[in-house]
There are 2 protein chains.
Amino acid sequence: MTDDFARLTAVEKTSDGHYAADIADGWDIGGVPNGGYVLAIAGRAMAESVRRPPLTVTAHYLAPTHPGACSVTVEPVRVGNRLAVLTGSLQQDGRESFRVLGTFGESSGADAQLVDGRPPELPPYADCLAAPSPSDRARDPSREAFLAGSGSWPAIYDRLAIRWRPGDEGFMRGQPTGRAEVAGWFAFSDGAPVDPIGLLLVADAFAPPVFNIGIGPGWVPTLELTVHVRAVPVPGPLRCVFRSHYVQGGLLSEDGEIWDQAGVLVAQSRQLALTPRS
Amino acid sequence: MTDDFARLTAVEKTSDGHYAADIADGWDIGGVPNGGYVLAIAGRAMAESVRRPPLTVTAHYLAPTHPGACSVTVEPVRVGNRLAVLTGSLQQDGRESFRVLGTFGESSGADAQLVDGRPPELPPYADCLAAPSPSDRARDPSREAFLAGSGSWPAIYDRLAIRWRPGDEGFMRGQPTGRAEVAGWFAFSDGAPVDPIGLLLVADAFAPPVFNIGIGPGWVPTLELTVHVRAVPVPGPLRCVFRSHYVQGGLLSEDGEIWDQAGVLVAQSRQLALTPRS
């Protein structure tokens with residue numbers, strides 16, 4: 001494990017069920033480390049404890065994290081031959097940041113009996129749009145503040161080699177598409193392949209689709225995020241699409257699909273979040 | 001609370017965080033009490049412990065239950081002013097049957113900012129199909145065994161006043177529709193309104209949609225079920241639709257939407273289950 005993501009989500013076992021880790025700088029959105037990134041840290045501790053990858057993981061978020069030391073506690077619920085059910089808890093400064101319940105194990109490969117859906121249609125990676133680079137942002141400071149209303153550029157977009165479907169980044173320029181959807185390619189900046197732990201990050205790495213219907217930009221606190229890992233991706237950028245279908249009662253749902261270069265659905269995600277004030 | 005469902009999911013507090021309950025007869029599919037029914041028992045204990053309804057609940061299933069005494073242990077993760085995050089665990093015969101992680105609280109009403117979807121189109125309740133009655137089954141014993149391959153009629157369909165969209169019950173007659181979808185009306189036999197606890201049952205009360213593409217019928221063990229409660233239903237039968245989009249690697253996902261008489265989305269569900277052998 002020498003790639004950036006493996007290093008930046010590494011956990012060190014301190015005793016049975018206890019892991020030390022570090023939340024790195026540079027994964028922030030609006031000053032708060034991305035919920036998918038910190039979930040990947042807890043997911044890695046849980047996976048290492050049973051030497052099995054995540055199959056379905058649900059996190060309920062309790063309090064924002066910040067860069068720096070954290071610890072993860074893993075407790076077995078039931079460890080069987082094929083599947084292991086575990087809880088995980090990430091703590092920082094003596095406070096629990098989120099709780100995870102997950103089933104770990106391997107699916108039996110990608111043999112598909114039903115695929116009623118398809119990857120999002122995207123222009124080639126090279127023709128999709130990178131987030132504005134630091135020099136772009138220096139030229140046009142208004143592009144710094146698009147996301148969080150906090151005045152800080154989401155550092156996560158410098159860590160990742162995400163490419164947006166042209167138009168879907170419109171909300172960054174004050175031109176939302178009018179459709180609660182964002183799509184694009186996900187890749188790590190160092191080109192490392194995305195493993196099942198990485199998929200936990202991918203599931204929360206794009207901006208909320210509701211930004212494209214004029215809700216926000218602003219902080220969108222996730223209450224709950226569930227990721228189903230459906231296959232191990234082949235190497236190469238992943239096709240991703242995130243959509244919100246229902247925004248009501250102060251809450252929004254967001255559904256994600258992540259497909260690999262072989263055209264296989266590798267993960268599905270759904271989250272429930274508080275709707276930011278428009 | 002005098003209606004059937006409230007009575008049959010009642011919990012009695014025995015000490016802080018500990019509840020006694022009874023899994024009733026008559027909620028079985030293939031001899032195993034329905035996963036939504038037993039989730040409703042745990043959900044009720046969790047809800048009572050904080051006097052708040054479920055907002056988003058995830059269960060990971062560990063072992064089948066059976067009719068008879070059970071207990072529920074509830075532990076607070078974080079109880080805030082508006083939202084409470086809790087774990088729940090249902091035990092029977094000294095063994096844990098499933099673990100729950102949930103956030104409880106009220107959404108701020110049904111004011112919708114985005115509704116990108118609509119209730120399934122269904123004939124009126126009276127024109128949809130009840131499951132075969134006991135006398136139907138006595139006349140045609142082949143209809144007894146359709147679901148579980150275990151020779152036992154799913155008793156749950158005698159408890160509930162579910163009505164199937166004509167055709168979607170085709171798999172019961174050996175005539176699957178060829179589409180991994182089932183839709184219909186949900187109601188309790190006594191006409192009691194469905195509350196947020198009841199929605200946990202509704203989310204798992206229909207037969208798996210994959211039965212309509214020739215997978216199964218057979219036992220479909222749910223690994224994980226997540227229900228988002230999006231609004232409190234107005235009285236009256238609920239419009240429900242369940243679809244499977246992805247069956248691969250020995251696993252299937254199933255997505256549900258539940259709409260009330262006012263045309264409001266009241267719950268969304270997703271589960272990951274093991275695919276039965278065809």
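This is a predicted model: local features need pLDDT of at least 70, side-chain atom pairs count only at pLDDT 80 or more; totals for chains, interfaces and linings use all residues.
Residues are numbered from 1 along each chain as its sequence is written, with chains lettered from A and ligands numbered from 1 in the order in which they are written.

Reader: How many helices and strands does chain A have?
Author: Helices (H or I, at least four residues) and strands (E, at least two) are DSSP runs, numbered from the N terminus. For chain A the count is five helices and 17 strands.

Reader: What share of chain A is buried?
Author: A residue is buried if 20 or more other C-beta atoms lie within 10 Å of its own, exposed if 12 or fewer, and partly exposed in between, with C-beta atoms placed from the backbone. Chain A has 278 residues, and the buried share is 54%.

Reader: How many residues does chain B bring to the contact with chain A, by class?
Author: Two residues are in contact if their C-beta atoms, placed from the backbone, lie within 7 Å. Chain A and chain B supply 45 residues each. Ala, Val, Leu, Ile, Met, Phe, Trp, Tyr, Cys and Pro count as nonpolar, Asp, Glu, Lys and Arg as charged, and the others, Gly among them, as polar. On the chain B side the classes are 18 nonpolar, 19 polar and eight charged residues.

Reader: Which residue of β15(B) stands opposite A:A112?
Author: Strands pair if DSSP finds at least two bridges between them. Strand β9 (residues 112–115) of chain A runs antiparallel to β15(B), joined by three bridges. Opposite A:A112 stands B:Q248.
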